[in-house]
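Here are my notes on the model you sent.

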Amino acid sequence: MTALRRLFFFVVGLFLALPLIVVAGVSINEKQTLAFPPQGFSLSWYGEIFTNSEWRNALIASVTLAALSAALALLVALPLAWFLWRRVAPWANIFRLLGVAPFTLPPVITALGLLTFWATTGFYGQPWTAVISHAIFFVTLPLVTLSLGFTAIDRSLVEAAATMGADDRTIFRTVVMPLILPYVVSGYAFAFVLSLNEYIVAYMTVGFTMETLPIKIFNALRYGYTPTMASVTVLFLAIAAVVFGLVARFGDLPKLLGAMAEDK
Amino acid sequence: MRREPPQRLGDYGPLFFPAGMLTVFFVVPFATMIAVSFFQREQGGFYQPAFVLDNYARFLSLFFGRVLGFSLMLAIAVAIACVVIGIPFTYLLSRSKRKIQILWLVALLSILSLSEVMIGFAWSTLFSRTAGLTNLFVWLGLMTQPQALTPSFGAVMTAMTYQAFPYTVLVLYPALVRLDPTLTEAARTLGASPVKAFFTVVVPALRNTILATLIMVFIFALGSYLLPQLLGRPQHWTLSVLITDQAIYQSNMPFAAAMAVFLVLVTLALVGLALYAGRQKEAA
C-alpha cells in the first residue's frame, strides 16, 4: 500500500510539475529559442525582466497593483469582519455574502460588471480603477481568513477589557489587533499573490492603457514566444511558493485552509 | 463578552466603509451590467438605453446553443476528471504526516495562484513541436518524429484539469481531514483491504461532499477563458471566451452583458444546489 501510495503521489506530482519543469528549462536557453532540453545555459532571460524597460514596467505595474489592491481589500474586510464578530446583526451578513460573491462567480462576470461600470462613469482606463476592481474581486480572501481569526479569539478576553473600562476602539487596538495579526498578514498575502497573477479583471478594466505582467505575456504571445515569458512564469511561481511557505511557517496552514473552504 | 445588537449610530461605524465599497463597486456594477443587457446596440460599438430583449433572443441561435453545450460539457468533463483523481489523492494526503501535508498545500496553492496566461503558456510549450513531450516520445522510440499536440480538445481538457486540480484538492481537504479515521479502521479490522475500505466506507460517507465538490469545480471550470483560446480551436471556445470576445473585440456590450447575466443565473442555481448538497447530513 505504501508503494502504491508513493506511486500515486509521484504520478500526480509529475503531472503538476511537468509543465513547470519544461518552462524552467526553456527559461535558461542561451539563444532566443524555446528549445527543451535547453541549449546552453544563461540567466539572461531573468535579467531581461529587470533590464528590458517593457518587462520592467509591467513588473512594476503588477507589483504596485497587487500591493495597493491587497491593502484596500484588507481595509474593506477588517472592519466588516470585526463588526460581524462584535455585533449581533444578522442582516449585516448580506455584506459577507457580497464580499464572497465576486470570488464564487466566474471571473468574467465581475470583470464585465466592472467594465460596464467604469465605462458608464467615464473613468475607464484609469490605473486606479484597477486597484479598486482587484480589491473588490479579492476581498473574499482577507474576509474569510479574518472571519476565521475572529472566531478563534476568546471572547472573555474582550469582556475583561470592557469590564476594566476600555471602549471599543481601545479593545480593538490592544486586545483584538495583536491576536488577529497573523490572519491579517495571511489575508493580505493571499490577496497579493492572486492579484499579481490576475488577468481578466485587469485586462477588462485597464487592458488598453496599462500592462500588468499577465497582460504583457498574453499580448506578447501573439507575436511569438520568447524565453522571457518562461523566466517571468518561474519568477511568479517562486514568489507564490515563498509567500505561501512563509504563511505556513508562521501560521497554521492546514487550519487556515480547513476553515476557508468551510466558509464557502 | 456579550454580543449586542448595535444601539447607537456610532456602533455601525465599522460597517460604513466596507458596506459603501461593496455597494458602489460590486452591487452597482452588477446592476449596470444587467441594465446594459437590455440596451440597444448602435453601430460603432456604442449602445443606447432601451428595453429590448434582442440580446437574449440571440441565445436561441444554433451557434449559441452549440457554445453553451460545449462549455457545459467541457466543465463537466473537467470536474469529473478532477474529482476522480482528487478524492483518493486528498484522502491519502489527509492521512500523511503534517510536514508532507504542508509541503503539498504550499505547492498546490502556488500552482492554483499561477496566472491562467502562464498555465496556458506552459502547456502550449509542453505540447509544442520544438520543446514538447513528443520529443521525449521520439527519444524513447515511441514516435518517429516530434509533432505539435495543440490546438486540440485534448490540450484544452488537460490544461483545464491541471488548473482545476489544486482547487479540487483544497475544496475536498477540510472534509477529508475531518473524516473520522475510526470508520476506515473498523472496516480494516473487519478484514477489508485498504482499497475496499476506501470505496465501501470513505466514498459513501462523503457522497454529499463529493457532489458539492463536483459542482464547485464545475463552476470553476466554467470560468476558464484563456486556456480554450490559447490551446484550442475556435470550436473549443467556451461561454467565458465568447463573453470576452463580444465585449472587447466585437464591441457588443449589450450581448456580452446578456450572456454574463445568463452565466450568473446558471452559476447561482448551481451554487444553491452545492450549498443544499453540502448542508445535507453526511450519511455515515
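1. Is the crossing of α4(A) and α1(B) left-handed or right-handed? The crossing is left-handed (the near helix is turned anticlockwise from the far one by less than a right angle; clockwise would be right-handed). Helices here are DSSP runs of H or I with at least four residues, numbered from the N terminus.

2. This is a predicted model; local features need pLDDT of at least 70 and side-chain atom pairs count only at pLDDT 80 or more, while totals for chains, interfaces and linings use all residues. Residues are numbered from 1 along each chain as its sequence is written, with chains lettered from A in the order in which they are written.

3. Helix α4 of chain A (residues 93–104) packs against helix α1 of chain B (residues 13–36) at about 45°, the axes being 10 Å apart. Axes are lines fitted to C-alpha atoms over the stretch in contact, and angles run from 0 to 180 degrees between N-to-C directions.

4. On α4(A), the contact (C-beta atoms, placed from the backbone, within 7 Å) is made by F95(A), L98(A), G99(A) and P102(A). Their partners on α1(B) are P18(B), A19(B), L22(B), F26(B) and V27(B). Eight of these residues are nonpolar, one is polar and none is charged (Gly counts as polar).

5. Between the chains, the contact takes 72 residues from chain A and 70 from chain B. α1(B) gives the most to the chain B side, with 16 residues. That side divides into 54 nonpolar, twelve polar and four charged residues.

6. The model scores ipTM 0.86 and pTM 0.88.

Technical notes: Helix = DSSP H or I, 4+ residues; strand = E, 2+ residues; numbered from the N terminus. Contact = placed C-beta atoms within 7 Å.
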